[in-house]
Amino acid sequence: VFLAFCVPRARCGGAEKGCIALTFDDGPSPQTTATLLDGLKERGAHATFFLIGEQIAGNEDLVRRMKDEGHQVGSHSYTHIRLDSADAAALAEIQKTDETLRAILGDGDYWLRPPWGFASDALKSAVSVPLIYWTIDTMDWSVRNRDLVAHHIIENAKSGDIVLLHDPYDTSVEAALQAIEVLQAQGYEFVTLEELFSNAGVTPQAGHFYLRADEEVPW
């Protein structure tokens with residue numbers, strides 16, 4: 001399903017080839033997320049972090065740093081369970097993570113990435129924020145190889161893509177930073193999802209499941 005939106009801009013924030021959104025699931029990780037944030041800052045790149053609620057305790061400073069350094073923060077449930085049933089347990093997972101994030105970052109809309117990308121009409125009807133899928137799955141959690149993951153991003157990414165990564169793995173952090181350097185040299189800019197949608201002229205809607213800013217998941 002393609003959404004109505006304005007004519008895509010030729011440039012994204014001055015980038016010659018456009019924007020790419022790197023997204024990181026399953027954090028924050030006290031072992032690796034700070035290194036990733038350091039690398040993003042050094043490269044002038046922004047990303048979106050979909051956090052597991054139960055991982056946040058003790059890592060509040062990392063979450064604050066994400067927001068302070070211009071990254072977007074979203075929810076990935078509280079314990080990484082399937083949310084597509086949209087039963088009381090699933091909705092409690094979403095609510096608990098939102099409450100945890102609001103206690104640290106303040107009021108706001110914390111977009112949702114359902115674990116494993118599982119959604120349903122019931123879930124879409126129950127949430128008050130956009131749901132986010134991806135266009136490039138690096139399989140980094142399985143590959144665990146910096147060069148292979150980086151190569152997959154570099155060879156496949158194009159403007160408007162949403163890239164799925166997981167920041168608890170050091171190989172994923174290293175791969176992301178390597179890919180950023182190569183693709184920035186080619187003329188790409190790395191932005192948050194909010195920036196990606198804004199650049200496409202799309203206002204994301206609650207309960208809609210997005211593959212890209214200009215395309216919804218067709219199932």
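## Backbone geometry in the loops

In this predicted model, Met139 is found in the loop between β5 (136-137) and α5 (140-143). The phi angle of Met139 is near 55 degrees, a positive value in a residue other than glycine. Because its relative accessible area is 33%, Met139 is classed as partly exposed. Trp116, in the loop between α3 and α4 (121-126), also has a positive phi, near 65 degrees. With a relative accessible area of 48%, Trp116 is partly exposed; the cut-off for exposed is over 50%.

A further backbone feature is the cis peptide bond that joins Gly27 and Pro28, for which omega is about 0 degrees. Pro28 is located in the loop between β1 (18-27) and α1. As background to these features, most residues other than glycine have a negative phi, and most peptide bonds are trans.

## Packing of helices α1 and α7

Two packed helices are described by the angle between their axes and the distance between the axes. For helix α1 (residues 33-43) and helix α7 (residues 170-185), the angle is about 10 degrees and the axes are 9 Å apart. Helix α1 is therefore roughly parallel to α7, since angles under 35 degrees fall in that class.

On the α1 side, the contact is made by Thr35, Leu36, Gly39, Leu40 and Arg43. Helix α7 contributes Val173, Leu177, Ile180, Glu181 and Gln184. By residue class, the contact of α1 with α7 comprises five nonpolar, three polar and two charged residues.

## Strands β2 and β3

Strand β2 (residues 48-51) pairs with β3 in the parallel sense, over four bridges. Within this pairing, Leu51 has Ser75 of β3 as its bridge partner. Together with helix α2 (residues 60-68), β2 and β3 form a right-handed β-α-β unit.

Strand β3 (residues 72-75) is covered on both faces. Gln72 and Gly74 are buried on one side, and Val73 and Ser75 are buried on the other.

## The open sheet β4-β8-β9

Three strands make up an open sheet in the order β4-β8-β9, with mixed pairing. Its edge strands are β4 (131-132) and β9 (215-216), each of which pairs on one side only.

Strand β8 (residues 209-212) and β9 run antiparallel and are joined by two bridges. Across this pairing, Arg212 stands opposite Glu215 in β9.

## Two partly exposed serines

Ser85 is placed in the loop between β3 and α3 (88-105). Its relative accessibility is 44%, so Ser85 counts as partly exposed. Apart from neighbours within four places in sequence, Ser85 is in contact with Ala90 and Ala122. Leu123 lies 38 residues from Ser85 along the chain, and the C-alpha atoms of these two residues are separated by 6.8 Å.

Ser198 belongs to helix α8 (residues 193-200). Its relative accessibility is 44%, and Ser198 therefore counts as partly exposed. Ser198 and Ala213 are 15 residues apart in sequence, with a C-alpha to C-alpha distance of 8.6 Å.

Terms used. Residues numbered from 1 in each chain as written. Predicted model: local features only at pLDDT ≥ 70, side-chain atom pairs only at ≥ 80, totals over all residues. Heavy atoms only, no water. Axes fitted to C-alpha atoms, helices over the stretch in contact; angles between N-to-C directions. Parallel < 35°, antiparallel > 145°, perpendicular 65-115°, else oblique. Contact = heavy atoms within 4.5 Å. Nonpolar A, V, L, I, M, F, W, Y, C, P; charged D, E, K, R; others polar. Buried < 20%, exposed > 50% of the residue type's maximum accessible area, 1.4 Å probe, protein only. Pairing = 2+ DSSP bridges. Right-handed = clockwise from strand over helix to strand, strands pointing away.
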